[in-house]
Amino acid sequence: LKPGRPHQFDWKSSCETWSVAFSPDGSWFAWSQGHCIVKLIPWPLEEHCIPKGFEAKSRSSKNDTKGRGSPKEKTLDCGQIVWGLAFSPWPSPPSRKLWARHHPQVPDISCLILATGLNDGQIKIWEVQTGLLLLNLSGHQDVVRDLSFTPSGSLILVSASRDKTLRIWDLNKHGMEIQVLSGHLQWVYCCSVSPDCSMLCSAAGEKSVFLWSMRSYTLIRKLEGHQSSVVSCDFSPDSALLVTASYDTNVIMWDPYTGERLRSLHHTQLDPPMDDSDVHISSLRSVCFSPEGLYLATVADDRLLRIWALELKTPIAFAPMTNGLCCTFFPHGGVIATGTRDGHVQFWTAPRVLSSLKHLCRKALRSFLTTYQVLALPIPKKMKEFLTYRT
């Protein structure tokens, strides 16, 4: 996908695609295409956009979309450069509709919504189906770089900013700011809430990663191990793993419960740089888990998109992509979307895998058991190692 019309050069509204996102149900794709514009596109894409190989896989979901009254593409003009995007979980619990009925002054956010983080520190909340602006959240003093909703559907939104803070907002209460998390000394690049909603990970331009409790909003621990700024982080779908990507060209896989470093994925074996610069030619930009939790995708400055299998130290697939900035998996698997510096979005086929029964059991157990609880189970050591991803 390319930006629709050529814009006059304007340094205030540059053309980078800093963020791409699929709605959790897979029916919408959002893309910050530069020049203050966010495009909301019904998924799957129109026939003329889809390469031949995709068509058969996309048919079934296309029929579902038609049944809902064919949503149309929308253009959201945010008035500022858009850095972060996040869709709310879907569908919303019925309790929220009751709450809204008794508080008519509060917008009824029982719809799918999109949060956009802007250059001036504002966060704009949009209704996806209509493209209407619902709320404007003010509080950050600098660029809102990343956004993350709690997956539970409670409409708690976390924002990460260049003002070195994270803020927690409750969209059920008219976007009330409920907490400010301070402690980072550099710009905060990335925030990710664990799927079980217990933890929040934040990465700033620092070598350490912060893990916060989403219950008490206090710092649990700092994860030390990278040699340069950490720029991206993501939890596995069962919350048992955390991956972090850094300018030091490494992805580290952690156990977020114990703080243990499980393995590292090296992007290249680089010679030491001649100068003191710690930004390498294959600095990482983005890392994300696949929806079933067996693969990772990474985007680096060496012009490659890589796909990694969880147990292997080397990538299983490469794709050439220039100036990549971000990547995300389609929630039902099989596709990766990437955004680039020139405002373009590319879609790539990803491995479609049927999870083994072993992995499905592990995922089901780890969705509600911490590492410590697994280690306390009266089961053989090898099973514990498998359940805690130590194998």
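Residues are numbered from 1 along each chain as its sequence is written, and side-chain values use heavy atoms, with hydrogens and water left out. Because the model is predicted, local features need pLDDT of at least 70 and side-chain atom pairs count only at pLDDT 80 or more, whereas totals for chains, interfaces and linings use all residues.

The secondary structure comes to five helices and 27 strands, taken as DSSP runs (helices H or I of at least four residues, strands E of at least two) and numbered from the N terminus. Of the 391 residues of the protein, 56% count as buried, where buried means under 20% relative accessible area, exposed over 50% and partly exposed in between, with a 1.4 Å probe and protein chains only. The protein exposes about 17,500 Å², of which carbon and sulfur atoms supply 54%; these areas come from the Shrake-Rupley method with a 1.4 Å probe. Among contacts (heavy atoms within 4.5 Å) between residues at least 6 apart in sequence, 50% join residues at least 24 apart.

Four strands form an open antiparallel sheet in the order 1-2-3-4, two strands being paired if DSSP finds at least two bridges between them. Strand 1 (20-22) and strand 4 (74-77) stand at the edges with a single partner strand each, so one side of each is left without a neighbour in the sheet. From one strand to the next the twist averages 15°, based on axes that are lines fitted to C-alpha atoms and on angles that run from 0 to 180 degrees between N-to-C directions.

| Antiparallel pair | Bridges | Partner strand residues |
|---|---|---|
| Strand 1 and strand 2 | three bridges | strand 2: residues 28-32 |
| Strand 2 and strand 3 | five bridges | strand 3: residues 37-42 |

V20 has W31 of strand 2 as its bridge partner, while W28 has P42 of strand 3. The hairpin of strand 1 and strand 2 has five residues between the strands, and G26 there takes a positive phi near 80°; the hairpin of strand 2 and strand 3 has four residues between them, and G34 in its turn has a positive phi of about 85°. Strand 2 is mostly covered, with five of its five residues buried. In a regular strand the side chains alternate between the two faces of the sheet. In strand 2, W28, A30 and S32 point one way, and F29 and W31 the other way.

A nonpolar core is a set of buried Ala, Val, Leu, Ile, Met, Phe, Trp, Tyr and Cys residues joined through side-chain atoms within 4.5 Å. The largest such core has 17 residues, and those with the most contacts inside it are C201, L211, L223, F235 and L242. Strand 13 (188-193), strand 14 (199-204), strand 15 (208-213), strand 17 (230-235) and strand 19 (250-255) each give two or more residues to this core, and its largest share, four residues, comes from strand 17. Apart from this core lies another, of 16 residues, among them V243, V251, F289 and L310. Leaving aside residues up to four places away in sequence, C201 touches residues including C190, V209, L211, F235 and L242.

Residues 114-136 are 0% helix and 61% strand, with end C-alpha atoms 12 Å apart, and residues 137-172 are 0% helix and 50% strand, with end C-alpha atoms 13 Å apart. UniProt also places "domain: SOCS box" (unreviewed entry) at residues 356-391, a span that is 61% helix and 0% strand and whose end C-alpha atoms lie 15 Å apart.

Conventions. UniProt positions renumbered as here; feature names shortened; annotations may be inferred.
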